Amino acid sequence: MKYKGFIIQAVPLFDYKPDPKSRSGQYKAVKVGVEYYEVLDPMDNNNRYFAEDTIALCKSEIDRILQVLGLKDNSKKSWDALDKV
């Protein structure tokens, strides 16, 4: 999901259960939900910027960061306009 120039993506939570096809009792990873959400910064080669427990917290933190920086979004155009000021 994109939000104001950032990418919010879910990090899956895995549980390990016995693999019914395995004769040696090996376990396999089973996706059971979302552990947390991480925010990636496309202006920084999609590196992880921060993480939160919910999408709403991610959005509010993005809004706060943009307000502190004086940007309307995280785009090259906005950063270039900031450099000209």
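Let me begin with a question: how many residues apart are Lys76 and Asp80 in helix H2, and about how many helical turns separate them? They are four residues apart in helix H2, which covers residues 76-84, and therefore about one helical turn separates them.

Before going further, a word on provenance: this is a predicted model, in which local features need pLDDT of at least 70 and side-chain atom pairs count only at pLDDT 80 or more, while totals for chains, interfaces and linings use all residues. Residues are numbered from 1 along each chain as its sequence is written, and side-chain values use heavy atoms, with hydrogens and water left out. Helices (H or I, at least four residues) and strands (E, at least two) are DSSP runs, numbered from the N terminus.

Staying with charges, side chains of opposite charge can pair when their charged atoms come close. I call it a salt bridge when a side-chain nitrogen of Lys or Arg lies within 4 Å of a carboxyl oxygen of Asp or Glu, and by that rule the count comes to four. Lys76 and Asp80 form one of them, with the closest N and O atoms 3.6 Å apart. For accessibility, buried means under 20% relative accessible area, exposed over 50%, and partly exposed in between, with a 1.4 Å probe and protein chains only. On that scale Lys76 counts as exposed at 55%, whereas Asp80, at 30%, counts as partly exposed.

In helix H1, residues 55-69, Arg64 and Glu61 are three residues apart, so about one helical turn separates them, and their side chains meet in a salt bridge at 2.7 Å, N to O. Arg64 is partly exposed, at 44% relative accessibility.

The salt bridge between Arg48 and Glu38 has its closest N and O atoms 3.9 Å apart, and it links distant parts of the chain, with Arg48 in strand E4 (residues 47-52) and Glu38 in strand E3, ten residues apart. Arg48 is partly exposed at 48%, while Glu38 is buried, with a relative accessible area of 12%.

Turning to the strands, I say that two of them pair if DSSP finds at least two bridges between them. Strand E2 (residues 6-18) pairs in the antiparallel sense with strand E1 (residues 2-3) over two bridges, and also in the antiparallel sense with strand E3 (residues 27-41) over twelve bridges. Tyr3 stands opposite Phe6 in E2, and Pro12 stands opposite Val34 in E3. The hairpin of E1 and E2 has two residues between the strands, and in that hairpin Lys4 takes a positive phi near 50°.

Finally, the core. A nonpolar core here is a set of buried Ala, Val, Leu, Ile, Met, Phe, Trp, Tyr and Cys residues joined through side-chain atoms within 4.5 Å, and the largest has eleven residues, among them Tyr3, Phe6, Ile8, Tyr37, Phe50 and Leu71. E2, E3 and H1 each supply at least two residues of this core, and H1 gives the most, with four. If we count contact as heavy atoms within 4.5 Å and leave out residues up to four places away in sequence, Ile8 touches several residues, including Met1, Tyr37, Glu38, Cys58 and Ile62.
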